[in-house]
Amino acid sequence: MSTVDGKTVRVALLGCGTVGTEVARLLTEHADELAARAGAPVELAGIAVRRPDKHPELPQHLLTNDAAALVESDVDVVVELIGGIDPVREWLLTALRKGKSVVTANKALLAEYSAELFEAADASGADLYFEAAVAGAIPLLRPLRESLAGDRITKVMGIVNGTTNFILSAMDSTGAGYAETLDEASRLGYAEADPTADVDGYDAASKAAILASLAFHTRVTASDVHREGISNVSASDIAAAKALGRTVKLLSICERVEGEDGTESVSARVHPVMIPRTHPLANVGGAFNAVFVEADAAGSLMFYGQGAGGAPTASAVLGDLVAVARNRVVGGRGPRESAHAQLPVRPMGQTPTRYHVSLDVADKPGVLAQVAQVFAAHEVSIAAVRQRDRHDTASLVIVTHLAPDAALEATVEAIGKMDVVNEVVSVMRVEGEDS
């Protein structure tokens, strides 16, 4: 990769929606400061949009609907804010192969094709930066890639989707059900017209793949991530969590798991979780994001802030842009892909988890003993039991110790077939200290 020798760093911007508009504005309004930080002027050379006539607020001479041609033009850096896989993937590969650095917020693309993108970057000596792909304005990926590069990270667990966090926070505070809270989130603009990617966990799974890859130096794709959404979380689940001093969050959980033979693997999963209200993530409300990191030397760290939005995400994009521009000015290079560990990805069924199980059972002697026998038969240890009688039935709540997820699932299935069990009311995984 050649330096620009103090000359202008020319930037191609692909996409100019909510985030792209803010990036274009800040590049113009903060031009002098950005130049001072990068060591050379940073100039917006072109903006690729689908319909140039729909953007009267932008400099018309910069607009084009030919993104491929803009990437091929005389630019030094390509900033991609379109999203999706194709044709964006080919545009970015073209840029990297030609030695142009890339800044992207495209979590879906990175979660599936980061290895291919990094290989192209390595071959040409270009940079690939993507801070904005996971948690908006929160400086998270750079600490994982650089600040904690000398440490051994054991767990990354966090709230990385603002829509689902808003919904679950509102359900917790109001007692309302999922459907009506989703409607309210849509009305307030916190949920998309089609909220599937958010509420079914696809967005969080892509981000979990990126986090696991960085934290554990292992290639993890979105398809490796176990995914469950929040549509089955009920008002009764939220109430049950409150009774235990807990709250419900949709978490991305990435961790090192040590097997009985001492070998390590990586677990990456997204699903609703009950966590203690004393946990740092429990008080993250509304559409905010937060990620809790555990490392051998650094201990416990938490990163918190705006996880989405035009200006917050643009802040992360511009941070990356300054970094790659500076590298081009001085001839440096940013972090490369680190996949040297090559740890296997552990299937969900083999991953140790804990369950909160709520049962409606017959109110008669010996029921608890019968239920406990089923847990014991599947080698699942019980951590806590709560029972409440009501007329001729009883409510039984059981919280387990860690056990393989498949064993817990099999236990619940067997319990549901017992004559003394009227209904398995709810099942949810639990994180945090024992109840």
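**View 1. Buried residues of helix α12 in the predicted model.** In this predicted model, the helix α12 (235–243) has D237, I238, A240 and A241 among its residues in buried positions. These residues lie on the same side of α12, because the arc that they cover around the axis is only 160°. The elements that cover the buried residues of α12 include α8 (162–174), β9 (246–258), β10 (264–276), β13 and β17. After the helix comes G245, a residue with a positive phi, near 70°.

**View 2. The second largest pocket and its lining.** The volume of the second largest pocket is about 300 Å³, and 17 residues line this pocket, with A240, S358, R388, S395 and V397 lying nearest its centre. At least two lining residues are supplied by each of α12 (235–243), β13 (352–362), β14 (382–390), β15 (393–400) and β17 (421–430). When the lining is sorted by class, seven residues are nonpolar, six are polar and four are charged.

View 3. The largest nonpolar core holds 78 residues, of which V78, F130, L140, I153 and L211 touch the most other members. Helix α11 (residues 202–216) provides the largest share of this core, namely ten residues. Leaving aside residues up to four places away in sequence, V78 touches A12, L14, V71, L92, A95, S101, V102 and V103.

Technical notes
Residues are numbered from 1 along each chain as its sequence is written. This is a predicted model: local features need pLDDT of at least 70, side-chain atom pairs count only at pLDDT 80 or more; totals for chains, interfaces and linings use all residues. Side-chain values use heavy atoms; hydrogens and water are left out. On a 1 Å grid over the protein atoms alone, a cavity is a set of points where a 1.4 Å probe fits but cannot get out, and a pocket is an open set with protein on both sides within 12 Å along at least five of seven lines; lining residues have an atom within 4 Å of a point. Grid points are joined across faces, edges and corners, and a volume is the space filled by probe spheres set on the points. Helices (H or I, at least four residues) and strands (E, at least two) are DSSP runs, numbered from the N terminus. Ala, Val, Leu, Ile, Met, Phe, Trp, Tyr, Cys and Pro count as nonpolar, Asp, Glu, Lys and Arg as charged, and the others, Gly among them, as polar. Buried means under 20% relative accessible area, exposed over 50%, partly exposed in between (1.4 Å probe, protein chains only). The arc is that of the directions from the helix axis to the C-beta atoms. Contact means heavy atoms within 4.5 Å. A nonpolar core is a set of buried Ala, Val, Leu, Ile, Met, Phe, Trp, Tyr and Cys residues joined through side-chain atoms within 4.5 Å.
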